[in-house]
Amino acid sequence: MADSVVCRDKRGRFSKTLQETSEPEVAENIEIDHNYGVGHLCIAGATGCAVCCPGIDKLLGSTKINTSTSWHSGRRLVEWGTLLDHLKFCSRCYNGPLILSHETIKGEMKCGLGGYLYIQCTSCQELNRVPYGSTHKENPSSKGMPSFCVNTKLGAAMIDALGGPQRVNNVLSTLNLPPISHKNLKVMERRAGEMIEGFANLSMDQRCREAFEAEKSNAAEDENGTENMLETNTDSHTDMTDTNTDSHTDMTDTNSNNRNESVPAVNFSGMTVCADHGWQKRGFDSLTGHTFLMSKREYGNKVIKTIVKHRTCGTCKWWKRNRPGRKPRPHRCVWNHRGSARLMESQAGMQAVKELLEQGTPVKTIEGDGDNTLIARLKSELNLTVTKKFDKNHTIKNIVARLYDLQKNNKNLKISSLVIRHLTKSIKYVFAKNQGQPDDMKNNLEALIPHQFGDHSLCQPRFCGYKRKPSVKYLHRSLPYKTPLSDPVLREKLQNLFEPVILKAASYADLGSSQACEHANRAASLRAPKHLHYGESESLDFRVKASAACINEGRNYLSETFKRHGLSPGSFTVPYNSKKDHEREKRQKKSKLPEQKLRRLKLKEERITSKGACEATEGASYESEISFSEQAEDIERIPDAIPKPLFTAVSSLDNPTFVIIDLETTDLIRRNIIPHIVQIAAKEHRTQTSFNRYIPPQLPMSNEAEKVTGIVWDGRKLFYKGVELDFVNIKVAISDFFMWLNQFSNAVLVAHNGKNFDFRVLSTAVYNCNMYDNFTQIVMGFIDSLALFRSNFPKIEKYNQPFLAQHFCKEEYNAHNAVDDVNMLDKILIAANVSKELMLKLCYNSNSHLLQENFIKAKAKNLPSFHPLIASGVMKMTTAENIAGSGLNCAHLKLIYTRKGEDGLIDVLMSKTAFGKPRVSNDKKLMCSVVQKMGNMFSEL
């Protein structure tokens, strides 16, 4: 009888029933001389059959195991230690190691990012199931296959950083890793989420208990300190004989005093927390929301309770839609809120306070914004008396918002953004300096508005410089023009606006802060962005809990969670998270430094100015229904700022090469008209390599230039003192000059009086030839030797080049020929022993002269429009030149005033250029004065 094997049917499919194969019939008349055993001939291919590979039939019958050769495509995450440990020996014959090859791998079962390889032993042909990743079990006694650690950690990564299943598979497919079904990813997320949730709950309970005990201890110390002061005052009035007690009594009193120090505070009835609520969707139609309760700053600003509210449950919705009338399958139903989204904040806060009360850490004071009815509901429904401290930032923002509404709704009212920013700063100062002093808070708020208008009758010397020094002229440093406001209508409206603020002065004298909760809401929004909906399952709860754990324990909360459940904390996870925690601590410490706070304020002011300048210069661009209004036609753009030349010094140059140059031109620079070059000569200071080219001019040469230089151009030929010269056009000459300069590293051009003449002419010629980019890459800077000699040799009678040649070299030469001028300047620098360091001190950027020419052209074009303003005393000539050179004319200023008023003018004139310098001036007093006069003049037109 032959062996039973798995056979295929007529269609080529594997048969589930075992069939017996009959032996072929042999004719009786055939005599068999030899009968050799030929063994087993497998026809099943690479996978093998049940004879050559026992157990392969189970693999072939499984839908989870891939027995084709596709297992070697794509990528896998492999833990080498786990894989090699399981390849040490066969599970049946214990021979080893198992061979990992194309022939021995018979299949693969993928389990998320982990999986098993089915490897055939070469000794006994047994199939061994070898995992290529470590595994774990939450309950070791439970049945079923273990979970791969990498899958559990992938679930944690989904909660902490990656997001939902779709995003995870996007990442995996990009890395060419096998994608995972959404169902399995949700299982991984749920398994990891329950771990994180448990760890977060323990962390919050611990931090809550620590904050409660710390605040209770501080309250007890305060009470004991007060009692000791009272006892000291009482003892001072007793007889001296009362102190003559024996040592035993003294010891007893001492012990009793020590015991009294540990007695809990009698008047302590609860802790102080800050609270805030966040919704997953902007507006008040959100399906989910979450509340954070956190300890005070002195106790660490740690999360002590989180509550997540859901208005829906995805599983319940599915069963109601697809299986109406049937009870949903057992699941974790998250539907815990039946009201509107607005009610979530009060309900969640009430639930959190109730849970804290049940665990023995009651709440006495809540710090937060005043936009909910939590306090009233606690009193009505739970019979709890909890005090409320309003958040300082929310309070100030509400007052400032009313100021901006006043500005928006009263176009004719002279309340600029500068005035509002000054009032904002004043309000912050009053709130900061009067905490715990309700009477002083009320007095300061009553005096705040009159003080801005020069009325100091209600002011106190503590806050008013005029009261402290009445004999000194008082300046309002932050107000426009540094003078008090004067509009009586504005004063009346501001006093009406501040009346309800003054009535609440007692509440404002004891403000709290909920900024820690704002930070927690932001951390939660990073894990659960508002444009993604996680609220139909427990996924949102996991992300909120992860945010709380991260705030309390740092990034290492993941490693601690893994350790609590028997997973490795991660040899890369721990150092990376520790590094990030350390960086965060450094940033937090740095952000609290005074210089960093000043820097943030300065950057904020620059952003406000830049925004105002952009809106004023761009015109109407985006606004609701702007296409239907006349503003749509106001699209003229004000020219961008033309930077003023600064001639900034070159910071440092390695191995500079000093190249001395000189130009001969058709004339001097007259009325800002740049002449043309007729000769360019250069010489390298160290190697004495020289360059010289003659160029036919496009402009006629002046008689004076011909007489001085001896160069004559008749329209076809170029002569020097009657001798005909070879010449090339200006583009060829500059191109040859660049090629000659390329042999030197970090070329720096040196010319006598170059800043006023040679460098200006050369930069203009290079720009007109469209070769300026190459020029700035080759030439690193300019040095004017005239300024060099003036600064280092101040006692010389004259500084023109012929006099310097006579003074230092005792020579006379043929001046006003570029070659002779270059050679003599080189000799003068050598004779004067001018060092490289002295020369580099006066080296400035090579792009300065192009900026100079652009500024001069703009000034010449726009300055005539400012003559009426100069004549009427609105501005001086210097200010007008700076405004005109920046690219603005009087019509531009009128347009800006029409669009944004005086605020727009100040923002544009003080905005930063591309080089970080103000467009006109950063003198706020000067700009405010000029703008005020311009505004009065434009309003009369």
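**Aromatic contacts and buried helices in a predicted model**

F647, F738, F759, Y767, Y772, F775, F782 and Y844 form one aromatic cluster. Rings of Phe, Tyr and Trp (its six-membered ring) count as a pair if their centres lie within 6.5 Å; planes under 30 degrees apart are stacked, over 60 edge-to-face, and the rest tilted. This is a predicted model, in which local features need pLDDT of at least 70 and side-chain atom pairs count only at pLDDT 80 or more, while totals for chains, interfaces and linings use all residues. Residues are numbered from 1 along each chain as its sequence is written, and side-chain values use heavy atoms, with hydrogens and water left out.

First, the overall picture. The protein has 941 residues, and buried residues make up 42% of them. Buried means under 20% relative accessible area, exposed over 50%, and partly exposed in between (1.4 Å probe, protein chains only). There are 33 helices and 18 strands. Both are DSSP runs, numbered from the N terminus: helices are H or I with at least four residues, strands are E with at least two. Contact means heavy atoms within 4.5 Å. Among contacts between residues at least 6 apart in sequence, 64% join residues at least 24 apart.

Next, confidence. pLDDT is the predictor's confidence in each residue, from 0 to 100. Its mean over the protein is 86, and 88% of the residues reach 70 or more. Over residues 1-6 the pLDDT is below 50, and this stretch has 13 contacts in the model beyond near neighbours in sequence. Residues 18-38 also stay under 50. For them the model has ten contacts beyond four places in sequence. Where pLDDT is low, the predicted coordinates should not be read in detail.

Back to the rings. A search of the whole structure finds 22 aromatic pairs. One of them is F738 with F775, which is stacked: the centres are 5.8 Å apart, with 25° between the planes. F738 lies in helix α22 (residues 730-741) and F775 in helix α24 (residues 772-778), so the pair ties together parts that are 37 residues apart in sequence. F738 counts as buried at 5% relative accessibility. F775 is buried too, with a relative accessible area of 0%. The rings of F789 and F808 have centres 5.7 Å apart and planes at 45°, so this pair is tilted. F789 belongs to helix α25 and F808 to helix α26, so the pair ties together parts that are 19 residues apart in sequence. Both F789 and F808 are buried.

Charges also sit over rings. The criterion is NZ of Lys or CZ of Arg within 6 Å of the ring centre and within 35 degrees of the ring normal. K755 lies over the face of F647, at 4.3 Å from the ring centre. F647 is a member of the aromatic cluster. Elsewhere, R338 lies over the face of W335, at 3.9 Å from the ring centre.

Now take helix α25 (residues 785-792). Its buried residues are S785, L786, L788 and F789. They cover an arc of only 160° around the axis, which puts them on the same side of α25; the arc is that of the directions from the helix axis to the C-beta atoms. What covers them includes β17 (747-751), β18 (779-784), α26 (801-809), α27 (818-831) and α28 (836-841). D784 caps the N-terminal end of α25, with a side-chain oxygen 3.1 Å from the backbone nitrogen of L786.

T709 is found in helix α21 (residues 703-709). T709 is buried, with a relative accessible area of 6%. Its side chain reaches the backbone oxygen of A705 at 2.6 Å. A polar atom of that side chain also lies 3.3 Å from the backbone nitrogen of I711. Not counting residues up to four places away in sequence, T709 touches E664, M701, Y720 and H816.

T617 lies in helix α20 (residues 594-618). T617 is buried, at 10% relative accessible area. A polar atom of its side chain lies 3.1 Å from the backbone oxygen of C614.

Just after α31, G887 takes a positive phi of about 105°.

Terms used: Polar contact = N/O pair within 3.5 Å; in protein donor to acceptor, adjacent residues only side chain to side chain.
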